[in-house]
Amino acid sequence: MKKTALLHDLISLVFPTNCLACGENLVQGEDIICISCLYHIPKTNNQFDAENETARRFWGKVPVVQACAFYLFEKGSVMQKLLHALKYKGRKDIGIMLGKEIGQALKNSNQFTDIDLIIPVPLHKKRLAKRGYNQSACFGEGLASILEKPLDTQTLYRAIENPTQTKKGVYERWENACGIFQLTKPEQLANKHILLLDDVITTGSTLEACAQTLLLAKGTKVSILTIAVA
Ligand SMILES: [Zn+2]
């Protein structure tokens with residue numbers, strides 16, 4: 001192998017230049033997945049409907065101004081592949097890319113423009129240390145850069161660790177009542193409209209518990225945004 005080819009391969013290894021979904025070479029301006037694959041990921045269009053499926057999950061549980069899950073998460077889909085790599089394979093860049101993509105779409109349609117700051121669902125400090133990053137904060141980083149809003153990863157924190165999968169059913173029933181999430185300095189959130197983020201919404205119980213906690217600060221309003229809905 002020629003030295004230049006080896007160098008090229010090494011660079012490709014560090015900076016992948018193929019679409020994560022279809023494997024085709026990426027062209028300039030494309031990032032992680034090609035424009036065609038990105039375009040074909042099914043969207044919910046939640047942001048155009050105040051009474052959408054995602055918002056309905058919170059009805060009667062916690063008051064939220066607006067709720068939107070941007071993409072549909074289907075088994076075996078490109079979105080599943082992206083979110084898996086974001087969460088388990090160290091691909092923080094995927095979260096940032098999706099944050100920018102979703103941020104641009106929301107900005108173009110004038111949605112979520114009246115929020116004051118962005119807060120991702122926090123990981124417990126032990127989980128954060130193990131993974132090295134919070135995937136929802138990566139999403140927040142990309143989103144914040146486009147919406148030009150501050151990202152706050154400090155004020156809301158997870159005081160109690162996640163349970164194991166087997167205990168999850170039991171756990172979810174008492175999640176909201178037990179102060180799993182807490183605020184360091186609630187006064188910093190006073191009178192703010194907070195955009196609460198997560199990677200995927202499933203039951204919505206974690207987002208609900210976070211929203212309840214954020215609403216304990218004086219005069220706050222909460223909206224919810226996730227990359228996808230399962
Ligand atoms: Zn592709």
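Two residues are in contact here if their C-beta atoms, placed from the backbone, lie within 7 Å. The structure is a predicted model, in which local features need pLDDT of at least 70, side-chain atom pairs count only at pLDDT 80 or more, and totals for chains, interfaces and linings use all residues. Residues are numbered from 1 along each chain as its sequence is written.

**Overall content**

The protein chain has nine helices and six strands. These elements are DSSP runs numbered from the N terminus, with helices (H or I) of at least four residues and strands (E) of at least two. Of the 230 residues in the protein chain, 37% are buried. A residue is buried if 20 or more other C-beta atoms lie within 10 Å of its own, exposed if 12 or fewer, and partly exposed in between, with C-beta atoms placed from the backbone. Among contacts between residues at least 6 apart in sequence, 74% join residues at least 24 apart.

**The H5/H7 pair**

Helix H5 (residues 92-108) packs with helix H7 (residues 135-147) at an angle of about 40°, and their axes are 7 Å apart. Axes are lines fitted to C-alpha atoms, for helices over the stretch in contact, and angles run from 0 to 180 degrees between N-to-C directions. H5 and H7 are therefore oblique to each other; angles under 35 degrees count as roughly parallel, over 145 as roughly antiparallel, 65 to 115 as roughly perpendicular and the rest as oblique. The crossing of H5 and H7 is right-handed, that is, the near helix is turned clockwise from the far one by less than a right angle.

On the H5 side, the residues that meet H7 include Gly-95, Ile-96, Gly-99, Ile-102 and Gly-103. Their counterparts in H7 include Cys-138, Phe-139, Gly-142, Ser-145 and Ile-146. The residues of the contact of H5 with H7 divide into nine nonpolar, eight polar and four charged. In this division, Ala, Val, Leu, Ile, Met, Phe, Trp, Tyr, Cys and Pro count as nonpolar, Asp, Glu, Lys and Arg as charged, and the others, Gly among them, as polar.

Cys-138, in helix H7, is buried, with 24 other C-beta atoms within 10 Å. Leaving aside neighbours within four places in sequence, Cys-138 is in contact with Leu-86, Lys-92, Gly-95, Ile-96 and Tyr-133. Ser-145, also placed in helix H7, is partly exposed, with 14 other C-beta atoms within 10 Å.

Asp-152 lies in the loop between H7 and strand E3 (156-158). With 19 C-beta neighbours inside 10 Å, Asp-152 counts as partly exposed. Not counting residues up to four places away in sequence, Asp-152 touches Leu-117, Ile-118 and Ile-119.

| Residue pair | Sequence separation | C-alpha distance |
|---|---|---|
| Cys-138 and Ile-94 | 44 residues | 8.1 Å |
| Ser-145 and Gln-104 | 41 residues | 9.8 Å |
| Asp-152 and Ala-137 | 15 residues | 8.9 Å |

**The sheet**

Four strands form an open sheet in the order E1-E6-E5-E2, with parallel pairing. Its edge strands are E1 (67-72) and E2 (117-120), each of which pairs on one side only. The twist averages 20° from one strand to the next. Two strands pair if DSSP finds at least two bridges between them.

**Burial of strands and helices**

Five of the six residues of E1 are buried, and the strand is mostly covered. Seven of the nine residues of E5 are buried, so E5 is largely enclosed by the rest of the structure. Helix H4 (residues 78-88) lies across E1, E5 and E6, running at about 105° to E5.

Helix H9 (residues 205-214) is likewise largely enclosed by the rest of the structure, because seven of its ten residues are buried. These are Leu-207, Glu-208, Ala-209, Cys-210, Ala-211, Thr-213 and Leu-214.
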